[in-house]
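Student: Please take me through one part of this protein in close detail. I would like the open sheet, strand by strand, and then the core that goes with it.

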Amino acid sequence: MSDPNLPPIDPAKGAWDEKELSRRNFLEGAFFTVTGIAAVGVVGAGGRFLVGESLEPRTASWVKIGSVADLKAGTVHMVNYAMKVRDAWRDIQQKGTLYAFSTDGARYQVLDGTCTHLGCIVKWDNAEGAFACPCHSARFTRDGVVVSGPPPKALRTLETKVEDGALWARI
Ligand code: FES
């Protein structure tokens, strides 16, 4: 039974002209592929122009902790910093508190004092030998490991370097 919506069959070519159909399909496919690639290129370039550097991640910066000669081994040293950092397309003021510690005066550990729960600044409690968060009473070891409270993870340990006799930490 033939479909009344289909064009009449050309008896010379048979029910379907397979060759004609496949060439048409190929040309249509090629057209849409080339057009699609061109559209993605144009939209991508235009989108990049519109958003500029706003999707670029913040560039890490080095904070000077202090002269190694002044960082007494066995003591936790607190350093407050404030600096301008480039965040995407704008400069922002970033502030924070870092803690530096060394057992031998040769290798240093620097922790970011930002609590991993809700971002309060932890304080070193010398008598307790632990970092205490004033917001929800969390405690961290000197190495930043969570002892108690709601923080989901340890304090962030920063990369360090010693240059010209000074200790630096990468925030
Ligand atoms: S912000 Fe530190 S425990 Fe909640």
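Tutor: Start with the pairing of strand S9 (residues 157-163) and strand S10 (residues 166-170), which is antiparallel and runs over five bridges. Strands here are DSSP runs of E, at least two residues long, numbered from the N terminus, and helices are runs of H or I of at least four residues. Two strands count as paired if DSSP finds at least two bridges between them. Glu163 has Ala166 in S10 as its bridge partner.

A word on the source. This is a predicted model, in which local features need pLDDT of at least 70 and side-chain atom pairs count only at pLDDT 80 or more, while totals for chains, interfaces and linings use all residues. Residues are numbered from 1 along each chain as its sequence is written.

Next, the neighbours. S4 also pairs with S9, antiparallel, over two bridges. There, Val110 stands opposite Leu158 in S9. S3 and S4 are antiparallel too, joined by four bridges. Tyr99 has Leu111 in S4 as its bridge partner.

Now the whole sheet. It is open, with six strands in the order S1-S10-S9-S4-S3-S2 and antiparallel pairing. The edges are strand S1 (62-67) and strand S2 (77-87); each has a single partner strand, so one side of each is left without a neighbour in the sheet. On average, neighbouring strands are turned by 35 degrees against each other, direction ignored.

Then the core. A nonpolar core is a set of buried Ala, Val, Leu, Ile, Met, Phe, Trp, Tyr and Cys residues joined through C-beta atoms within 7 Å. Buried means that 20 or more other C-beta atoms lie within 10 Å of a residue's own, exposed means 12 or fewer, and partly exposed is in between, with C-beta atoms placed from the backbone. The largest such core has 19 residues, and those touching the most other members are Ile65, Leu98, Tyr99, Ala100, Val110, Val122 and Phe140. Strand S3 (90-101), strand S4 (109-112) and S10 each give two or more residues. S3 gives the most, three residues.

Look closely at Ile65. Beyond its neighbours within four places in sequence, Ile65 is in contact with Val79, Leu98, Ala100, Val110, Leu167, Trp168 and Ala169. Contact means C-beta atoms, placed from the backbone, within 7 Å.

Note on methods. Axes fitted to C-alpha atoms, helices over the stretch in contact; angles between N-to-C directions. Contact = placed C-beta atoms within 7 Å.
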